[in-house]
Amino acid sequence: TVVDRIFSGIQPTGTPHLGNYLGAIQNWVNLQEEYSSVLYSIMDMHSLTMPKEPAVLRQNILDTTAAILACGIDPKKCFLFRQSLVPEHAELAWILGCLTNVPRLLRLPQWKMKRASQNSEGTVGLLTYPVLQAADILLYKSTHVPVGEDQVLHLELAQDIAQHFNKKYGEFFPVPKAILSTTKKIKSLRDPAVKMSKSDPKKLATVNIADSPDEIVLKFRKAVTDFTSEVTYDPAARPGVSNLVSIHAAVTGLSIKEVLHQAAGLDTAHYKMVVAESVIQKFAPIRNEIKKLQEDKSHLIKVLEDGAEKAKELAAPIYQEIRRLVGF
Ligand code: ADP
Ligand code: NA
């Protein structure tokens, strides 16, 4: 019988922003309650596909871990671990890479986009990291993968690889299903035409979940809106104000309608401060917890190591069987 098993990963880029929280981490917290077998991985091997200073990567791994623990990820309810501590991810990626056509990888849009952003011809790691993603998922015979829209094509690759393996070596992997995030994309505060992103070079555009109340107020004060002072929700015609309404609804748990009701009579300048306050309220306890956790490095390291031990135990019999199936 196939057990439901969730696998998801997060790249260690430091403390997450509001979009990461609302689009991914919050959903992770819910899934660890709903499913009995859940794996969350800090994807340090994936991080190497873009240039990184070793000291920065090391620090980011701890900061990301502190942040997601502070957000409510509970190592008693899931396996939280560092990818590179389970070398079978890389070993399985090799096997799966031998079942994957190069042109299939060359067609993936992220290959072109990330190569362009690096201004380089591209490395083998950047080309084949979707194969490593397939290995991340399949190593545990995962059945469900929470993904953002941007990762749907990569999950399809993992599904194709699973099917290809099953055809060649006999039915073995469940074909993993997507759990699509239903949260609307949070937009940049400085340009509501693009999503909020850690790589946005614009100042004050991205709200970090560990920002101080002053920083949050400043960022929302400078948020781009339009020349209508009333607060309405119309993402196509009024993307800036509508983004504020979306954020307000998401952090308070209220519906868009309820939020608009609260905003009735306010002009956008006042409303920005209402939204800022709601964000401050939501993240104040999380911010405190992040700071506390960051002070105890050895605890963070231990959490990731303990999680890796459990992940290894889960992977070991599956990987042994894979080895046998392919003829090792
Ligand atoms: P970034 O764009 O900051 O580099 P990533 O691409 O690393 O973020 O995304 C990590 C996770 O956070 C993904 O699941 C992605 O869907 C989600 N995410 C990122 N930005 C946003 C956003 N602006 N709104 C909603 N979800 C987001
Ligand atoms: Na659970």
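1. Let's start just after helix H3, where Gly 72 takes a positive phi of about 115 degrees. Helices here are DSSP runs of H or I with at least four residues, and strands are runs of E with at least two, numbered from the N terminus. Keep in mind that this is a predicted model: local features need pLDDT of at least 70, side-chain atom pairs count only at pLDDT 80 or more, and totals for chains, interfaces and linings use all residues. Residues are numbered from 1 along each chain as its sequence is written, while chains are lettered from A and ligands numbered from 1 in the order in which they are written.

2. Now H3 itself. H3 has 17 residues and reaches 24 Å from its first C-alpha to its last, close to the 24 Å expected at 1.5 Å a residue (that is 1.5 Å times one less than the number of residues). Its buried residues include Asn 60, Ile 61 and Leu 62. Buried means 20 or more other C-beta atoms within 10 Å of the residue's own, exposed means 12 or fewer, and partly exposed is in between, with C-beta atoms placed from the backbone.

3. Next, the domains. The assignment, which is automatic or from a database, gives domain 1 (6-183 + 305-326) and domain 2 (213-291). Their centres, taken over C-alpha atoms, are 32 Å apart. Eight residues from domain 1 and five residues from domain 2 make the contact, where contact means C-beta atoms, placed from the backbone, within 7 Å. On the domain 1 side, H3 gives the most, with three residues. That side has six nonpolar, two polar and no charged residues (Ala, Val, Leu, Ile, Met, Phe, Trp, Tyr, Cys and Pro count as nonpolar, Asp, Glu, Lys and Arg as charged, and the others, Gly among them, as polar).

4. What about the core? The largest nonpolar core has 81 residues, and Leu 39 and Ala 135 are among those with the most contacts inside it. Such a core is a set of buried Ala, Val, Leu, Ile, Met, Phe, Trp, Tyr and Cys residues joined through C-beta atoms within 7 Å.

5. Finally, look at Lys 297, in helix H13 (residues 297-326). Is Lys 297 buried or partly exposed? It counts as partly exposed because it has 13 C-beta neighbours inside 10 Å. Lys 312 is 15 residues from Lys 297 in sequence and 23 Å from it in space, C-alpha to C-alpha.

Note on methods. Contact = placed C-beta atoms within 7 Å.
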